[in-house]
Structure formats: C-alpha cells, structure tokens
Amino acid sequence: PPRSTPLYSSAASDVYKRQHPTRGLDLGAMEHVDSSLVQARANDVAVLLVSAELSELLAIADRIVVLYGGRVAGEVDLRSATADERTLGAMMAGKTA
C-alpha cells in the first residue's frame with residue numbers, strides 16, 4: 001500500500017509528490033495546503049504538484065511542465081518568464097508551445 005506522508009515536515013523526504021491536493025477542500029483548507037507547499041519549497045523541498053487548477057499552479061510553481069496524451073505539451077520556467085494563462089491553457093488542451 002502507498003505510504004502516507006505528512007504535507008510538510010522538516011524530517012520528511014526532500015521531494016513531495018501531490019496530486020490535486022486541494023480538490024474538494026473548502027477555501028480555508030485550500031489556503032492551508034497551498035501555504036504548506038510554499039513553506040516546503042522555501043525550505044528546499046522539491047514539490048512535484050499535479051493539478052488541473054491553473055491558478056494553484058501559478059501561485060505555487062517555479063516551473064510548469066504540461067503533459068497531454070503522455071507527451072510534454074510545453075514548459076514554462078516561472079523564475080525567468082511570466083506565464084500567460086491563455087498559453088498555458090492551450091498547452092493543457094493539448095496544443096504545443
């Protein structure tokens with residue numbers, strides 16, 4: 001069975017994998033999850049976040065890689081470029097960058 005890990009702990013792994021971490025949560029819980037992921041990132045924990053929520057990705061990610069149909073549809077490094085929601089949305093719909 002999959003191993004359960006806390007959302008963030010300084011004694012935890014150097015890599016966190018989360019799939020749709022805020023799906024089905026109320027706004028307060030979503031904010032807590034998002035701030036915990038940002039805190040983990042600030043403490044040099046790599047966060048691999050899978051989400052269809054573009055706003056969530058833009059708020060948390062340093063880099064976004066969009067996969068569609070098992071292939072990379074595009075990539076944006078948010079540390080050196082601004083993300084255009086229209087372009088990212090097109091990638092999420094399967095259009096390559």
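## Before we start

Residues are numbered from 1 along each chain as its sequence is written, and side-chain values use heavy atoms, with hydrogens and water left out. Because the model is predicted, local features need pLDDT of at least 70 and side-chain atom pairs count only at pLDDT 80 or more, while totals for chains, interfaces and linings use all residues.

## Two salt bridges

Side chains of opposite charge can pair when their charged atoms come close. Here a salt bridge means a side-chain nitrogen of Lys or Arg within 4 Å of a carboxyl oxygen of Asp or Glu, and by this rule the count comes to two.

One joins Arg 41 and Asp 62, at 3.6 Å from N to O. This pair links distant parts of the chain: Arg 41 sits in helix α1 (residues 27-42) and Asp 62 in the loop between α2 (54-60) and β3, 21 residues apart. Helices (H or I, at least four residues) and strands (E, at least two) are DSSP runs, numbered from the N terminus.

The other joins Arg 63 and Glu 75, whose closest N and O atoms are 2.9 Å apart. Arg 63 lies in strand β3 and Glu 75 in strand β4 (residues 71-77), so this pair ties together parts that are twelve residues apart in sequence. (Buried means under 20% relative accessible area, exposed over 50%, and partly exposed in between, with a 1.4 Å probe and protein chains only.)

## A nonpolar patch

Val 65, Leu 67 and Val 72 form a nonpolar patch on the surface, with about 280 Å² of accessible area together. Areas come from the Shrake-Rupley method with a 1.4 Å probe, and for residues only the protein chains shown count as cover. Patch members have over 30% relative accessible area and no salt bridge; nonpolar side chains (Val, Leu, Ile, Met, Phe, Trp, Tyr) are joined within 5 Å, and like charges within 9 Å.

Val 65 belongs to strand β3 (residues 63-68). With 37% relative accessibility, Val 65 counts as partly exposed.

## The largest pocket

How many residues line the largest pocket? There are 22, and Leu 48, Leu 49, Arg 63, Ile 64 and Val 65 lie nearest its centre. A pocket is an open set of points on a 1 Å grid over the protein atoms alone, where a 1.4 Å probe fits, with protein on both sides within 12 Å along at least five of seven lines; lining residues have an atom within 4 Å of a point.

The largest share of this lining, six residues, comes from β3.
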